[in-house]
Amino acid sequence: MAELTLFADYHQIHVFDEGSETDLGDEWTDQATDDHLAVGRDAVGVRTTVNVNVEVSVELLDGPPSDDSVAAIARVPVQP
């Protein structure tokens, strides 16, 4: 598991790599804003409630977690 402190600029964290082509600005629909999650073909945007440093934990799993200790889970298909 990776535990990070990231700056949520404009209440957002973007997850992508150097080859990503998605413009997440186009993905922030009303539904995505309500869900706090914008999903593009090769990038993901996470909306935060604060515009400061936030603590983020990322864990890649082969299946659902085995307990209820997780506050929120998002299954997001992202293509390379």
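The following questions and answers concern a predicted model of a protein chain.

User: On what basis are the values given?
Analyst: Residues are numbered from 1 along each chain as its sequence is written, and side-chain values use heavy atoms, without hydrogens and water. The model is predicted, with totals for chains, interfaces and linings using all residues, side-chain atom pairs counting only at pLDDT 80 or more, and local features needing pLDDT of at least 70.

User: What pattern does the protein chain follow along the sequence?
Analyst: The protein chain has one helix and five strands. These are DSSP runs numbered from the N terminus (helices H or I, at least four residues; strands E, at least two). Read along the sequence, the pattern is β-β-α-β-β-β.

User: Which residues form the largest nonpolar core?
Analyst: A nonpolar core joins buried Ala, Val, Leu, Ile, Met, Phe, Trp, Tyr and Cys residues through side-chain atoms within 4.5 Å. Buried means under 20% relative accessible area, exposed over 50%, and partly exposed in between (1.4 Å probe, protein chains only). Of the 80 residues, 18% count as buried. The largest core has five residues: Leu24, Trp28, Ala32, Ala38 and Ala43.

User: Which residues does Ala32 contact, leaving aside its neighbours within four places in sequence?
Analyst: Contact means heavy atoms within 4.5 Å. Ala32 also belongs to the largest nonpolar core. Its contacts, with those neighbours left aside, are Glu27, Leu37 and Ala38.

User: Why does Val58 count as partly exposed?
Analyst: Val58 is found in strand 5, residues 53-58. Val58 counts as partly exposed because its relative accessibility is 41%.
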